Amino acid sequence: MTDERDEIRRRVDIVELVQAGGVTLRPYGKHWRGLCPFHQDKNPSFNVTSSTGRYRCWACGESGDVFTWVMKTQNLEFGDALKQLAKLAGVTLKHHSRQDPVQRQSHESAMEEAGQFFRDQFAKSSVASEYCRRRGLDDDVIKQWEIGYAPDVGEALAIHLQRRGFSLAECETLFLVSKDPTGGYFDKFRGRIMFPIRDERGLLVAFGGRIIGDANPKYINSGDTPIFRKSRVLYGLYQSKERVAKERVAVLCEGYVDVIACHRSGVKTALASLGTSLTEDQAKLLKRWVDKVVIFYDSDAAGQKAARKGIGILEAEGIQVRVALMPAGDDPDTLLRSQGPAAVARAVDEALQPLDYNLQALEKRLKPEQEEFWTEAIEILAECSNDLELLRYIDRLGGLYPGVRDVVSARTILRKQVAKARKVKRAPVGYDEEGSVRPTAPEPLPPLNSSEVILFCALVAPELRQAAWLFITRQMSILMTKSALDLAAAVAAAFPDAPPDGEIREWVHRVEPEEMCQFYCDTLSDIRGDNVSEEMLSDAIQSLRDHVEGQEVEIMKQGRTDDKDAQAIIERLKKLKPKHEKEKKDDLEGLF
């Protein structure tokens, strides 16, 4: 496994991998820098270094290598990330991942077989066809979305899968069949319109079934299975991903029919969160594809509550959010059927900023005369990160503030209340004239100290590595700071005989423990090490010697020659002093 991982690290450039994941990177010395995809980054905090094969956000602390990147950005287990990267790198894996590939292939085949069974049954069912016609789903839509039908027969799918050679015990783990008390199997889905759920790669991983008629439950959705985690998949992403990736926008709906209604209306970037509230994992998945999401949930109380929750989850991932409004009682599907495609497209185009949406929703529920109105209004305004926008809303609400006749005074009161309610977690950010975030320049870094110069020479400068490495292994313990000494010891333990050969990304993971490996990579990611030179190395070594020499002089002045600590320093100095004055003027090799 180690050899395969090393080969993948060697072949896969992390800069290219991160950029392919939608992060814009710009050169920064020998490194690359951009906005962090793991938090709401307003200043470029995300550093990617090709030589080490690692990334690091200096703001939120996220870090890792190519494997970590794929696992976190695509919500994959290590085995799946390994297979994906191996395919990208052209590496043949000799070891099995946690799930046996043969078993996974069997699972995928069973799902495809079930999907074909449901489609075949739909073609035979006048009840299913008539239901879809009433919902405005024509043949093209049915074909495009692979809509099927689960017959209202207890064992139809189970018998079919068994005849095709599939293990019903395995099919039970896929949420296709259930086991009865006698040991027999019956179908999970019966008498339902079936919506296949494909993941972003196009694999059929789950189903959603809508009952025909008014029985409950209205929908049954696949539970988590060996090949499906509903909190990590978005319905419709596979069908819309090309448009979504191109436009960097997604329209988030509640259900299958709503997604299809949006696509029928020309809104081709619609997708849904599988009958559950939007999860953080789904938001992270969206972040890979889009910069903006329009929430297009039902207009009922449950839908609006879910929208408010979704706003927070999406904004936490740094995604720009808008919320589409519809007439009371409508959803995208009913809006399409009652007012036509233009109404659906218009609702999306006219979507409101979250603050506008929240205030409008508040004004529908409460009146300005009520104390609860202002309690909630202050909380809503306190979430506004754009000061210019905030002033606009305060100006509008100031005229409604009860008990204060002077509008100017009312606005002052509101500003003070909002300021008190705000919980600022990071330093305030400047804004330009249009209210957009104005990036601030990073604070200049302090110059490298002598220990750091030697570390950089040993770790990032091939032409100086041997000389610096000799100093580290022979004299580092005499001079270096504890943190630098710990790092040197960890690297030396991994490579006791000589500095490691080859690209850093091929061997850095061998430095243990993980914290020390990260410390090592942080050192490498520091732009201050990009311009180390032979002169800097020579000066750094001499500076450390001078420091110890100064300690000896101080000891002599204080008369501490009998002190054990003082004696230890003097002994160290003896080891460091050149035997001949000529060595002070010699080249780097002479320094040792």
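Residues are numbered from 1 along each chain as its sequence is written, and side-chain values use heavy atoms, with hydrogens and water left out. Since the model is predicted, local features need pLDDT of at least 70 and side-chain atom pairs count only at pLDDT 80 or more, while totals for chains, interfaces and linings use all residues.

Helix H12 is a handy place to start. Helices (H or I, at least four residues) and strands (E, at least two) are DSSP runs, numbered from the N terminus. H12 covers residues 280-289 and is mostly covered, with 7 of its 10 residues buried; buried here means under 20% relative accessible area, exposed over 50%, and partly exposed in between (1.4 Å probe, protein chains only). The buried set is Gln282, Ala283, Leu285, Leu286, Lys287, Arg288 and Trp289. Their packing partners include helix H3 (66-74), helix H10 (237-247), strand S12 (249-253) and helix H13 (301-316). Aspartate 281, also in H12, counts as partly exposed because its relative accessibility is 23%. Leaving aside neighbours within four places in sequence, aspartate 281 is in contact (heavy atoms within 4.5 Å) with Asn75, Ser231 and Arg232.

Next come the strands. An open sheet is built from 4 strands in the order S13-S12-S14-S15, with parallel pairing; two strands pair if DSSP finds at least two bridges between them. S13 and strand S15 (320-323) are the edge strands, each pairing on one side only. From one strand to the next, the twist averages 30°, with axes taken as lines fitted to C-alpha atoms (for helices over the stretch in contact) and angles running from 0 to 180 degrees between N-to-C directions. S12 and S13 are joined by 3 bridges, and cysteine 253 stands opposite alanine 272 in S13. H13 lies across S14 and S15, at about 175° to S14.

Elsewhere the pairing is antiparallel: strand S1 (residues 26-28) is joined to strand S2 (residues 31-34) by 3 bridges, and proline 27 has tryptophan 32 in S2 as its bridge partner. S1 and S2 make a hairpin with 2 residues between them, and glycine 29 in the turn has a positive phi of about 65°. S2 also pairs with strand S3 (residues 46-49), again antiparallel over 3 bridges, with glycine 34 opposite phenylalanine 46 in S3.

That leaves the rings. Rings of Phe, Tyr and Trp (its six-membered ring) pair if their centres lie within 6.5 Å, with planes under 30 degrees apart counted as stacked, over 60 as edge-to-face and the rest as tilted. By this rule there are 16 aromatic pairs. Phenylalanine 117 and phenylalanine 118 form an edge-to-face pair, 5.8 Å centre to centre with 65° between the planes, and both residues are buried. The pair of tyrosine 235 and tyrosine 256 is edge-to-face because the planes stand at 90°, with the centres 4.8 Å apart. Tyrosine 235 sits in the loop between strand S11 (219-221) and H10 and tyrosine 256 in helix H11 (residues 256-264), so this pair ties together parts 21 residues apart in sequence. Tyrosine 235 is buried at a relative accessible area of 1%, and tyrosine 256 is buried at 4%. Ring pairs also link Phe117, Phe118, Phe175, Phe189 and Phe207 into a cluster.
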